[in-house]
Structure formats: structure tokens, C-alpha cells
Amino acid sequence: MIRNILNTVFIVVFISLGTVFAQKGTVKGVITDSKTKETLPSTSVLYNGTGVVTDINGNYKLELDEGTHELTYQFIGYETIKRTVTVKANETLELNVSLQDFAQTLGAVVVTAGVEQRIEEVTMSMEVIRPDLATEKGASDIQAALDQTPGVQIVDNEPQVRGGSGYNFGAGSRVMILVDDVPLLSGDAGRANWSFLPIENLEQIEVLKGAASVLYGSAALSGVINIRTAFPDDEPVTKINYMSGFYDNPRSLYARPWSTGNVPTFTSLNFFHSRKIGNLDVVWGGNLYSDEGSTGPEPGGNNNNFEKRARTNLNLRYRSKKVKGLSYGVNSNFQSSSFAESLLILDTDTGFYTSFPGSQTLGASVKWYIDPYITYAKNAFEKHSVKTRWFNNGNLNNNGQSNRSDWFFATYQYYRKIRAIDLDVTLGLVGSQTYSVSELYSGNADGTGESQAENQAVFLQLDKRFFERLNVSAGARYERFKINDTEESKPVFRAGFNFKAAEYTYIRGSWGQGYRFPTIAEKFINTQVGPVRIFPNENIESESSSNAEIGVKQGVKIGEFKGFLDVAVFRQDIVNAIEFNFGAFGNTGNPFNDLGFKSINIEDSRVQGAEISLAGQGKIGPIDVTALVGYTYLEPFNLNPNAAIDTSGTSDITYLSSSIDSSGILKYRYEHMIKSDVSFRYKKFTLGLTYNRLSWMKNYDRVFIDFDEVGILPTGLSEYRENTIGDPIQWMDVRMLYDFNDSFRLSFISNNAGNAEYMIRPLKNSNPRKFLVQFTWKF
């Protein structure tokens, strides 16, 4: 009996020791880019629920038990691949792996939706804009590339995503603008400044459609635009881009504001340099730009609309030698500019390219931000990051509209992958503070133009994968806002799924809440533009929404052309939507003093519709084709258009009474939008075609027509509207490129090649046709 027990114990101990001291082998190698052959540091090599990351030279080394194992290699921006290896005891197996950049494959890797994932696996609609598009189009800022995104329209510098907002006088964006995951809207007005964004240093632009307030807070009511900048490769890279051109005579030659032979010109110079110096990554870029403008001065004035700017940016990142996975650095951007811009044109005929008296702002601006940050990746499954930003925005204007703000922002994020249940956890803390001093925002209680705003938030997002086919995400955020003495807080929630129904077929659905607290500008703006007053609204309330979507993303292949066809239906319900509306908001009894614009709340509104898009690239026969094409249909309606929306003035105002259209359709929206950009490359020649088409704008503020008819704002807009009923807005850009070699490219570009004359919003003109020549040098 005792002998049997001892034998059993001996066998168990022997087996256990055999397990503990099992013979091991080694797998090692180098991970490289399949195209450039450069090594890829910080690549994850995973096996059996654990793993390692490659060092700064792309090397990895694993100690594995004898037997067969499956290794997974993954790195952001590259296709994930798996390799099966057989390990023998006390032997070393060398396995070098090349990863393919997603630019060469079907999908793309994105981070804006929460965790790093392929675009086809995201639970919401998303588009990725390649950096070459902005360069090829001869764009002076990022707006030109964004204008090609299906479902996105920029109205007078204000981004709209699927009609989630109208025109708001440059205040309170419903689309969050990020640079490297950190917000970059002005702290006082919540406004985007496209020329300030570093167009010379683009990795890619990610456009997320739908409410994203859980991850990005108040301004992400309708979507997110994330500009991701590039890190250096192993070899130094320098790019220089020079562009010069002129505005052609307008189609209506009698409206030309310049004399014969004195056409306005524009010039731009971008530069970019990146390199690694040991463990220090350095990226330096800049832009010089001068544009004489195509809109002339007001009658008797001296200044065309113009812009001159100089910008430089420097990104530094140090990868620690002593602490594996630790990196820290600072990003910065500085811009100085001078400008003249007009809010209104003189009229829709001979004054189509002339400023309306009193509507032109002449000013100078200095903007800068500095972004210290630190990131620690303990391993491939756990990460801490702290990102901060100090954004200073100062505008010195000639018409009592000067403003300056300092915005301080900090966020801490913790990421953890719980491998046992394949669950990604993202936890974040956010805080920001704004100090604003402004003539423009003097409508606050004490009339000083000095205001403060603060925001704190905590959020949690969970992403779970089931059976290698189903991704489920859910999140929550609690947010607190305060402007001067007004304070408010609210939770928001979201959920979504993505199901891989077939090899290249993905079905997704999402629901999310949005929440936006009004900005300092919307509450306290107090100014006048020409004969039109802008009133403050200290009592304006926050707006909220719910956004739902069902979509299908289908992979397509034609020859070697690969892409995704995406179809989605969506609906956004908005409560207390903040709209910029015209009415009798004063109470002096004098209509000239009482009439004007003000940001007010609209009780209930809804935007629903459908969208189809195609994005892809590859060879069709001998031709390399790159395409981004989309059509968006919108039904944007006020659900209670006869309700009083303001009672502060001499008479109650309803949405219908202030609208030019009586159907209840929301103002400043387009029901149909076609966006298309396609390029064809054969050997060294490339032809690119852009076509945009917007349906007739049915509704906007009635005041534009009423003021025209009574002679207060005699612009001819009433007759113009009658003559163009139902006419769409459409224009085309054409570009021709020739690559002399891998380093030098010459481009000929014509924007608005058909010389169309149109207005994106009433009394805001388009530019006439532009011709330009561009030289691009990379070495």
C-alpha cells in the first residue's frame, strides 16, 4: 500500500518536473517592411496569449517549448500575418518576416474608433483619406482633401457630416477635429482653422461618421476628423513642394473685380524633413503661403480678400533605451498670418466677386500649440499614455472683432487587453480649461469680454471579439462643463457591432448618444456685420442627439483593383439643436436695431438618409486606379417647425417664420451629395479627375430675401433664387502629373475647371477657375 502511494507520488513529481524543465528552443528574426525593406521596431510577436515586441532594430527573440506553435505578427498600419513554426529542443530557428503596408492591401488600420483595428472591422462608418490626395490636388490646406469625403461638406469653413449641422457663423463645430488624437478646436468658439493644420506632414486622415461623444466629448456630436501625422522611417526623408498659379477671369466677365492683365496670383511652399537620430525621432515641416484672392474690396475700398501665412511645426519623440516600451516627446506648431475676408458679396450679378460694404474683416493672427506627451507600453497588451496641449489663438481684427484664447488640455488613457476573454478595455480621464479675452464676445454678464470655461470627463470603452467573426463595442462617458457661472453635466452611452458574414463581407450596426455644451462664442458674441447685427444668447441650452446606423462593407476586386463598397442607412435625432437663426431679437422698437442673427435652440429635429461609397486602388489592366466615390441622400427636418423658438424680442419667432421654405426642412443642408475623385496612372503619367455635385439648397434664412426686396441688403438674391430653382451646384477639378523619377514630379492642375459660379451658402461666392503648376521633390 505504502509502496503504491510512493510510486504514484514519484510519477506525479516526475511528470511535473518534466513539464517544468521541458526542453526549449529559440525562434528569432527581423521584421521589415515588404516594400522599403526598412526594419519595424515595436512590432508585436504573439503566441499562446503572450508575446514580445521587436527592439529598435526590428529584432525579436522567443524561447518556446519543443513542438509546433502559431506566431502572429502585427504592427499598426500593416497587414497582420501568422506563421506556424516547429521548434526543436536546444536549437535556434531564424524566421525573418516582411509585413505589407495596408496601402498595398485591401483595408487600412485606424485608431479613431477606439482601439487599433482594420477599417472593415469598425462598428461605425469611416473613411480614410490618403495623404497623396491633398498634394496631388494642389491643396493649400486640408479642407480640399476633406471636401472629397462622401457625406462630408464644409460650408464656409464649418464641417458638416451627413447634415448634422447647418451654418453657425463659425462657432460650435458638431464635428471634433483632432491632430494625433488630441482636439484642435479653438477654446472660445469651438472652431476649426484648416490652414493651421499641418498639411505637409500627413500619415492619413480618418473621418468617423456618427456620434462619437463617448470617446471625444462635446464637439463629436456628428463625427470626428482625425489628422494623423507621420513618424520617421529608418532613412531620412526630405520633401519640398512648390506651387504657383493664378485665378482665371470669371465666367461672368462683367463681374471681374480686377483690371485686364492684372490677374490675382497665389504661391505656396511646403517642406518636410524626418529622420532618426539614435533613439530620437525628428519631424520638421513648414509652409509659406500667399494668395491675392479672387474677391475684390467693397466699393471705395482698398483690399482684396487675401491671405498670407507662415507656419512651422516640429515633432520630437524619444524612445527610451533603459525602459522598454517607454517613449516621450513634444509636438509643436506655430503660425503667423494676415488676411482680409468677407462674410457677404455685394450682389449676385456684377458684384458677385465684390465685398459688401462693412462685411470685410481685415486682421492678423498668431496661433500656436505645444503638446508634451508620454507613452508606456508595458507589453503588447497593456499601455499607459498621457497627452497634453496648450493652444493659444489670437486674432487682431479691425472691426471690433478681436479675440484671444488660451486652451489647456490633458488626457490620461489606459489600455488593457484581457487575453483570457479577448476583451479590450480603454479607460480615460480628460480635463480642459479655457481663458478668453475678446471684443467679439462682450455679451457676457459684465460686458467685459472676459470668460472662462472648463470641462472634465471620464470614459470607458469595451471591445470584445467573439468566434473570430463578431466584434462588439460599448462605452460610456460622464462629462461636466462650466462657462463662467453656468454649469452642467451629463452621461452619454454608445454600443455597436461588426459581424464578418463572409471572407470580405462585414455587417455593422451602431447606436450612440451625442452631447454638446454651447461655446463661449455662441453665448456671448456681440457684433455687427454690415447692416446685420449678431446677438448674444446667455441662456442658450446644450444640445443632445442619438445616432443609429446599419451598414454593409463588401470587398470588391476587379483585376488587381481592390476596394470596399460600403452601403449605410442612418438616423440622427437632435434635441435642442443649436442653430444660427435670424429674427427680431432686440426689444428697442427700432427694427434696424432689433433685427439680426442669434444662436438659438430648436426643440426637435431629425436627419435621416442613406449613403453608398467605394474606396480602393490597384491595377485594372496596365492602369493603376485609385478611387474614392460616394453618394449621400439626406432627409433633414424640423419635427415641430411651428413652435416658438425665441420669445426674447418684440415678437415670437418660429422656425417656419424665419425660413425661406415652408416644408420644415432644416436650413443650410443639401439633400443630395455626390463626391468623386478618381486617378489613373500609366507608367509615369497620372490623370486625376474630381467631380462634386450638390443639390439645390432648399432652405435658409428668409432675411436674405426680405432684406433684398426692401433694399436693406440689395443683393439680387431673390431674383437669383427664382432663376436657379432646382439647379444643382457642380464643379470639376483636373490634374495631370508626370514623374520624372522617384524623386521629382511635375503637376499641372485646374481647380473648378469648368469655371462654375456658385454659392455654398447665400452670398458666399466660390472661386473662379484656378490654374497652377506644382513641383514636388523628394529625396
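Start with the lining of the second largest pocket: 13 of its residues are nonpolar, two polar and five charged. Here Ala, Val, Leu, Ile, Met, Phe, Trp, Tyr, Cys and Pro count as nonpolar, Asp, Glu, Lys and Arg as charged, and the others, Gly among them, as polar. A pocket is an open set of points on a 1 Å grid over the protein atoms alone, where a 1.4 Å probe fits, with protein on both sides within 12 Å along at least five of seven lines; lining residues have an atom within 4 Å of a point.

Select Tyr 720, Thr 724, Ile 729, Tyr 758 and Met 759, which lie nearest the centre of this pocket, out of 20 lining residues. Helix 8, strand 41 and strand 43 are the elements giving two or more residues to that lining. (Helices, H or I of at least four residues, and strands, E of at least two, are DSSP runs numbered from the N terminus.)

A word on the model: it is predicted, with local features needing pLDDT of at least 70 and side-chain atom pairs pLDDT 80 or more, while totals for chains, interfaces and linings use all residues. Residues are numbered from 1 along each chain as its sequence is written, and side-chain values use heavy atoms, leaving out hydrogens and water.

Next, go to helix 7 and colour Val 703, Phe 704, Ile 705, Phe 707 and Asp 708, which are buried (under 20% relative accessible area, 1.4 Å probe, protein chains only). What do they pack against? Strand 32, strand 34, strand 35 and helix 8 (717-723).

Centre on Phe 169: beyond neighbours within four places in sequence, its contacts (heavy atoms within 4.5 Å) include Leu 343, Ile 525 and Phe 580.

Last stop: the open sheet of five strands, in the order 11-16-17-14-15 with mixed pairing. (Two strands pair if DSSP finds at least two bridges between them.) Strand 11 (125-129) and strand 15 (182-183) are the edges. Zoom in on strand 14 (residues 175-179) and strand 17 (residues 223-228), parallel over five bridges, where Ile 177 stands opposite Ile 225.

Terms used:
Buried means under 20% relative accessible area, exposed over 50%, partly exposed in between (1.4 Å probe, protein chains only).
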